[in-house]
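Here is a short report on one structure.

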Amino acid sequence: MRDIEQIQDVQLMVDTFYGKIQQDALLGPVFAERIAPEAWEKHLQTMYRFWGAQLLGIMEYQGAPYAKHRSLPIDKPHFDQWIALFHATVDELFRGPRASTAKVKAASIGQVFLGKMRFERGQFNT
Ligand code: HEM
């Protein structure tokens, strides 16, 4: 198995991941609430740019992603499931330093999002 090397690899990773997300009993409805069927293509394009920037240094993504998550009805179980699906996706497709980086970054960004969310909700110690 090979590593993530080019933008087509990032696209395959993103497409496979959001395919799993849309099928998922816990996360599917959260995404469906925010992203209409005709808006998925745009979301996928954004995520190609985000992961292209993170993994290949193609700095085309500009955004403040946390703001888009602040008001979602999600908590630790959702993040755990998001990370589990992301890791499963990467492991089934790629192996190597960038594949590892993708998993570490996803988990650490997820931790930061969850931490900010809990802080904003006043959930300091649970
Ligand atoms: C339970 C976990 C998560 C859920 C339910 C979730 C859900 C969503 C939804 C619904 C959107 C679309 C928002 C909109 O356009 O209004 C979105 C955008 C996005 N998400 Fe997540 N997300 C989760 C975790 C993450 C994590 C861990 C990352 C990063 C590793 C991430 C990165 C992004 C980015 C980059 C965007 C695009 C923001 C933009 O438009 O610039 N998300 N997410």
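## Terms and model

Buried means under 20% relative accessible area, exposed over 50%, and partly exposed in between (1.4 Å probe, protein chains only). This is a predicted model: local features need pLDDT of at least 70, side-chain atom pairs count only at pLDDT 80 or more, and totals for chains, interfaces and linings use all residues. Residues are numbered from 1 along each chain as its sequence is written, and side-chain values use heavy atoms, with hydrogens and water left out.

## Helix α1

Helices are DSSP runs (H or I, at least four residues), numbered from the N terminus. Helix α1 covers residues 7–23 and holds Asp-9. Asp-9 is buried, at 3% relative accessible area. Beyond its neighbours within four places in sequence, Asp-9 is in contact with Arg-2, Asp-3, Ile-4 and Phe-94 (heavy atoms within 4.5 Å). Tyr-18 is buried, also with a value of 3%.

## Aromatic pairs

Rings of Phe, Tyr and Trp (its six-membered ring) pair if their centres lie within 6.5 Å; planes under 30 degrees apart count as stacked, over 60 as edge-to-face, and the rest as tilted. The structure has eleven aromatic pairs. One of them joins Tyr-18 and Phe-31 edge-to-face, at 5.9 Å centre to centre and 65 degrees between the planes. This pair links distant parts of the chain: Tyr-18 in helix α1 and Phe-31 in helix α2 (residues 28–34), 13 residues apart. Phe-31 is buried, at 15%.

Why does the pair of Trp-82 and Phe-86 count as stacked? Their ring centres are 5.4 Å apart and their planes are at 5 degrees, so the pair is stacked. Both residues lie in helix α5 (residues 76–93), four residues apart, about one turn of the helix. Trp-82 is buried at 18%, and Phe-86 is buried at 1%.

Conventions:
Helices (H or I, at least four residues) and strands (E, at least two) are DSSP runs, numbered from the N terminus.
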